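Please prepare a briefing on the fold of the chain shown here.

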Amino acid sequence: MRRASATAQVREQYAGGMGIDTASTIPPAASSEALRKAMVDTLRSWGGVRTAAVEAAMRAVPRHLFVPEASLERAYGPESVVTFRDEDGVAISSASGPGVVAAMLEQLDVRPGDRVLEIGAGTGYNAACLAELAGPSGSVTTIDIGPEIVEEARRGLAAAGYDRVLVRHGDGADGHAANAPYDRIIVTAGAWDAPPSWREQLAPGGRLVVPLRIRGVTRAVALELDGQVWRSVSIEECGFMPMRGPGAVEELNLELPPNRGVRIRVDDGRPVDVDALASALDASPVLAWSGVVVPWKPLVHLDFWLAGASAEVCRIIVLSRVREAGLVNPIYSWGSMGCYTSDTFAYLIRRPAPSEDGQEMVELGACAYGPDGQRLAAEVTGRVRAWGCSRDMLAGLRIEVHPAGSPNLPAMITADRRHSRVFVIIGPA
Ligand SMILES: C[S@@+](CC[C@H](N)C(=O)[O-])C[C@H]1O[C@@H](n2cnc3c(N)ncnc32)[C@H](O)[C@@H]1O
């Protein structure tokens, strides 16, 4: 493991991930106070920060002290700041982008006096925000699986005056029994499963916020317990580096050789023939348009809708480097949901449509590379059309996490894990 250098703190696939434009009006060479004010003002303006409590916490915590190697502009910019990488250069720790931090703090709804556990201490920045929210009568324990990361979180918290936060080394899959029970548990790494420790260590009436990885879609889900069953109370877009450790399930990030500018992320999917998919890039793409014209964002649960389709559809994400390679832009700056076969892949795209009532509108479509491109592009656009007719219904989408081996439920997606059975459900509870 090594610390990321300042120059290596480039925009990451995990950065932002909210699908929200967070451009702010930061003056050049501004002070940390001015930059912090601009950051929170921007978050307020687009609704990332909604409550006075989260606003006050984010106005209070000097974020730059937790990422000392980043410039002030970067520390207070909209993206995550990578702080540690593994031997292969893969980012393994970062300060999450402020938009993601704000959204998850809002979901967690920490009250003064709460006992809070954070899994994924990282830089310590979010733990400091949690300490502000829990106040002097509450407590915050934060744990990280990386010993050097733990030291760095301690350093940042001490520098910013948050010595009261307890920083421990450990695997978050076990929670931290020593300080349980907790009124709130927040996980700040992508979780494949919900281990029993989180249920056992949550106080009655408590809440868990966790970025759940389900078929290539990561969503920050606020969950409350109903007996043995976790039921969602809110779901937010996010992007996170996956949890590590003995129980972790790796997410595959496959570069199409030789460095074709396309990375395919597969979570829950079948094997990928990267050589065949790389050859697909030699031919011209097939573009297909769905005729579905919608306001540009939010695209209500479109990713889950696509992930819930047939076995070969939408289990990959095509990441943003395609733009640099001169290929067709994915739908978001960070990539698109897509799908693949043995030799062909397709992903979501958009093009501008005439604005309506001052609202930016887009038409959704698909771009496919490979010999089966016509069929795959048509399949994706067909699915988009079905989504277009189901958008109202999808607003009520919810997630339930049952113990492994629980009976089946009528669900759009059922994902079986070691400890749990995850259902993505449309319709009333
Ligand atoms: C995105 S960073 C967390 C950001 C952090 N909350 C902050 O405010 O800077 C994810 C962190 O999760 C940690 N992590 C990954 N797997 C873990 C596990 N099984 N247990 C505890 N921490 C883990 C990583 O080492 C990394 O530091």
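In this predicted model, strand β7 is largely enclosed by the rest of the structure, because six of its six residues are buried (buried means under 20% relative accessible area, exposed over 50% and partly exposed in between, with a 1.4 Å probe and protein chains only). Helices (H or I, at least four residues) and strands (E, at least two) are DSSP runs, numbered from the N terminus. Residues are numbered from 1 along each chain as its sequence is written, and side-chain values use heavy atoms, with hydrogens and water left out. As the model is predicted, local features need pLDDT of at least 70 and side-chain atom pairs count only at pLDDT 80 or more, whereas totals for chains, interfaces and linings use all residues.

**Pairing around β7**

- β7 pairs with β4 in the parallel sense over four bridges; two strands count as paired if DSSP finds at least two bridges between them.
- I185 stands opposite L208 in β8.
- Strands β4 (residues 115–119) and β5 (residues 139–144) run parallel and are joined by five bridges.
- The residue of β5 that stands opposite I119 is I143.

**The sheet as a whole**

- The sheet is open and has ten strands with mixed pairing, in the order β6-β5-β4-β7-β8-β9-β10-β18-β20-β19.
- Its edge strands, each pairing on one side only, are β6 (166–169) and β19 (413–416).
- From one strand to the next, the twist averages 20°.
- In general, the strands of a sheet pair through backbone hydrogen bonds, either parallel or antiparallel.

**Helices on the sheet**

- Helix α4 packs on the sheet and touches β4, β7 (182–187), β8 (202–214), β9 (217–226) and β10 (229–237); contact means heavy atoms within 4.5 Å.
- The direction of α4 makes about 145° with that of β8; axes are lines fitted to C-alpha atoms, for helices over the stretch in contact, and angles run from 0 to 180 degrees between N-to-C directions.
- Helix α6 (residues 147–159) lies across β5 and β6, and runs at about 170° to β6.

**Helix α1 against helix α4**

- Helix α1 (residues 32–46) packs with helix α4 (residues 98–108) at an angle of about 60°, and their axes are 11 Å apart.
- This angle makes α1 oblique to α4; angles under 35 degrees count as roughly parallel, over 145 as roughly antiparallel, 65 to 115 as roughly perpendicular and the rest as oblique.
- The crossing of α1 past α4 is right-handed; a crossing is right-handed if the near helix is turned clockwise from the far one by less than a right angle, and left-handed if anticlockwise.
- M39, L43 and W46 of α1 make the contact with P98, G99 and A102 of α4.
- The residues of this contact comprise five nonpolar, one polar and no charged; Ala, Val, Leu, Ile, Met, Phe, Trp, Tyr, Cys and Pro count as nonpolar, Asp, Glu, Lys and Arg as charged, and the others, Gly among them, as polar.

**Helix α2 against helix α5**

- Helix α2 (residues 52–60) and helix α5 (residues 125–134) cross at roughly 130°, and their axes come within 9 Å.
- α2 and α5 are therefore oblique to each other.
- α2 passes α5 in a right-handed crossing.
- On the α2 side the contact is made by A53, V54, A57, M58 and A60, and on the α5 side by Y125, C129, E132 and L133.
- Eight nonpolar residues, no polar and one charged make up the contact of α2 with α5.

**Local backbone features**

- The peptide bond from A180 to P181 is cis, with omega near 5°, and P181 lies in the loop between β6 and β7.
- A cis peptide bond also runs from K297 to P298, with omega near 0°; P298 is placed in the loop between β13 (286–295) and α9 (302–307).
- K297 has a positive phi of about 75° although it is not a glycine, and K297 is partly exposed, with a relative accessible area of 21%.
- D109, in the loop between α4 and β4, has a phi near 55°, a positive value in a residue other than glycine.
- D109 counts as partly exposed at 27% relative accessibility.

**A buried serine**

- S93 belongs to strand β3 (residues 91–95) and counts as buried at 4% relative accessibility.
- Leaving aside neighbours within four places in sequence, S93 is in contact with V81, V82, T83, F84, G122, I149 and M241.
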